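Morning, everyone. I have one structure to walk through today. Let me put it on the screen.

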Amino acid sequence: MTGQRSRQGNGAASAATAPDGAGRASGPGRLLIAVYGVFALAATARAGFQIATKFGEAPLAYLLSAVAAVVYIVATVSLARPGARAYRISVIAVTTELVGVVAVGLLSVFDAQAFPSETVWSAFGRGYGFVPLILPVLGLLWLRRNQPGRSPRDGRS
Amino acid sequence: MDPFLLVGVIVCAVSAALCLGAGVLRRPPNDITILSIAAVELFLVAYAVGAVIRQLAGEPVLGEAWEFWGYLLTALLVPVGAFWWAILEKTRWSNFVLAAAGVTVFVMLFRMEQIWDGVAGL
């Protein structure tokens with residue numbers, strides 16, 4: 001019952017591209033996924049490099065680097081995939097990212113000893129032009145506008 | 001400033017600006033934006049060839065060599081990936097994706113230059 005309703009609602013909402021929430025990967029979503037993809041790549045490479053070469057220096061920071069990398073990968077893939085399940089995963093991933101960037105940002109400012117080296121989320125992503133801070137906010141707004149089974153609140157296009 | 005870096009920065013900046021402009025003007029990807037991203041890729045290939053020659057001619061990477069080559073190989077994939085991802089759907093947003101690729105390569109070039117000169121670690 002609800003499944004049927006959600007499919008209809010979404011079809012009307014997302015420019016009739018594809019059923020079941022595929023509108024997420026279309027239009028602005030494409031740019032969002034592309035930027036997430038770049039960050040997934042950058043964070044993975046960076047975490048890999050840090051853990052491989054100098055893990056002992058700051059294990060906590062480098063483990064968080066790895067967590068950030070996983071979060072970006074999950075967010076990229078789940079945003080790109082259609083379906084209600086991918087939608088839920090992407091909400092969790094993007095929310096985790098927002099919590100992570102704020103928490104690590106605060107920690108890196110107040111407890112600089114634990115974060116001697118820059119990570120993706122250090123100082124709210126300053127090393128990356130604060131994109132890591134802006135990205136999850138835009139991501140959540142985009143996900144909110146593209147909820148499966150609900151017509152968008154504002155039809156600006 | 002290294003002439004290679006200067007050329008690369010200009011190519012990336014012009015490409016990103018063109019793609020951004022086309023996106024703002026609500027145009028789908030056209031010859032100009034696609035050729036501009038192709039120019040970025042072409043530059044990266046030339047940069048890679050140049051880097052191999054410099055490396056062999058006794059002007060080696062001062063930082064971590066494998067980090068430099070990792071960056072370069074990744075950078076070579078960025079315009080290709082962006083082109084593929086952008087062209088699957090031809091809307092104005094595809095141009096923003098291409099612009100993001102130009103900006104990404106732009107930033108990566110600076111990192112590669114830092115590694116080459118042995119300045120700052122990761």
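Start with helix 2 of chain A and helix 4 of chain B. This is a predicted model, so keep that in mind throughout. How do the two helices lie to each other, parallel or perpendicular? Their axes come within 8 Å and cross at roughly 20°. Angles under 35 degrees count as roughly parallel, and therefore helix 2 of chain A and helix 4 of chain B are roughly parallel to each other. The crossing of these two helices is right-handed.

Next, the whole contact between the chains. Chain A puts in 13 residues, and chain B puts in 14 residues. On the chain A side, eight are nonpolar, three are polar and two are charged.

Last, chain A on its own. What is its secondary structure? Five helices and zero strands. From the N terminus, the order reads α-α-α-α-α. Chain A has 157 residues, and 39% of them are buried. Now take the contacts in chain A with a separation of 6 or more: 62% of those join residues 24 or more positions apart.

That's my tour. Over to you.

Note on methods: Residues numbered from 1 in each chain as written. Chains lettered and ligands numbered in written order. Predicted model: local features only at pLDDT ≥ 70, side-chain atom pairs only at ≥ 80, totals over all residues. Axes fitted to C-alpha atoms, helices over the stretch in contact; angles between N-to-C directions. Helix = DSSP H or I, 4+ residues; strand = E, 2+ residues; numbered from the N terminus. Parallel < 35°, antiparallel > 145°, perpendicular 65-115°, else oblique. Left-handed = near helix turned anticlockwise from the far one by under 90°. Contact = placed C-beta atoms within 7 Å. Nonpolar A, V, L, I, M, F, W, Y, C, P; charged D, E, K, R; others polar. Buried ≥ 20, exposed ≤ 12 C-beta atoms within 10 Å, placed from the backbone.
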